[in-house]
Amino acid sequence: CISVKLFFQMFCTKQRFHMLYAFLNLCHEDFHFLFTHSFPHIRLFLFVRFCDIILIIRAAVRTGSKVSKESAKSMEKEKFAGIFPALMTAFGGDSGIDMYSITRLVEKLRADGVNGLYVGGSSAEMILCSTEERRKILEGVMSASDGLTIIAHIGAASTNDSLELARHAVMCGVDAISSVTPFYYKYRFDEVKHYYERLADV
């Protein structure tokens, strides 16, 4: 009973699984001692009790795994709930990117209570920006986001540009990426499917 109680204490406090391994070793040593110093009918009883403990452990691990998965899904769902404005791009007088104004906009939206930002979409005129400018904008947004959920649009006319932007977005630590389908030319369904599969592999 003490050993089972110890296990549940470890499990409920989310200790690492190497503690579970140590626990099983401890049980093994305890039962081995009792097995070698007991009468046959007591050995049988202990064996049944040991099997009960193993079944309890397996049930607890399965239940904990199920709860953990459900909690993760719930947390993931909450992460993408709420208000997500599509961030606009501020340009300077020379048509260059105004990063100071962009970061101020992010800070203002964060202070107003938005839950996240959609970066690099149509409102941001990203199709008119270079790949380097798009990387620079995302980096600036990430530095000012302070915990906001960030969805980065990485769609481009070139698949290679989209993949480059996707890798950069992952490196920046965005919560999700988004992309329009390949455009300008007419693509078959299998080609569009392959495009998204390549993005998913990033």
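Tyr118 stands opposite Ile151 in strand β2. That pair belongs to a predicted model, so treat what follows as a read-out of computed coordinates. Strand β1 covers residues 116-119 and strand β2 covers residues 149-153, and the two run parallel with 4 bridges joining them.

**The sheet**

- Strands β1, β2 and β3 line up in that order to form an open sheet, and the pairing is parallel.
- At the edges sit β1 and β3 (176-178), each of which pairs on one side only.
- Ignoring direction, neighbouring strands of this sheet are turned by 20 degrees against each other on average.
- A general point if you're looking at side chains here: in a regular strand they alternate between the two faces of the sheet.

**Ser145, in helix α5**

- Ser145 has its place in helix α5.
- Is Ser145 buried or exposed? Its relative accessible area is 5%, and since anything under 20% counts as buried, Ser145 is buried.
- A polar atom of the Ser145 side chain lies 2.9 Å from the backbone oxygen of Met142.
- Which residues does Ser145 touch once its neighbours within four places in sequence are left aside? Those contacts are Val106, Arg110 and Ile150.

**Cysteines**

- You'll find 0 disulfides in the structure.
- As a reminder, a disulfide is a covalent bond between the sulfur atoms of two cysteines.
- Cys129 has a relative accessible area of 11%, so it counts as buried.
- Cys172 comes out at 22% relative accessibility, which means it counts as partly exposed, because the cut-off for buried is under 20%.

**The whole chain**

- There are 7 helices and 3 strands in the protein chain.
- Reading from the N terminus, the order of elements is α-α-α-α-β-α-β-α-β-α.
- The protein chain has 202 residues, and 31% of them count as buried.
- Take the contacts in the protein chain with a separation of 6 or more: 67% of them are between residues 24 or more positions apart.

Notes:
Residues are numbered from 1 along each chain as its sequence is written. This is a predicted model: local features need pLDDT of at least 70, side-chain atom pairs count only at pLDDT 80 or more; totals for chains, interfaces and linings use all residues. Side-chain values use heavy atoms; hydrogens and water are left out. Two strands pair if DSSP finds at least two bridges between them. Buried means under 20% relative accessible area, exposed over 50%, partly exposed in between (1.4 Å probe, protein chains only). A polar contact is a pair of N or O atoms within 3.5 Å; within protein, one must be able to donate a hydrogen and the other to accept it, and residues adjacent in sequence count only if both atoms are side-chain atoms. Contact means heavy atoms within 4.5 Å. Axes are lines fitted to C-alpha atoms, for helices over the stretch in contact, and angles run from 0 to 180 degrees between N-to-C directions. A disulfide is a pair of cysteine sulfur atoms within 2.5 Å.
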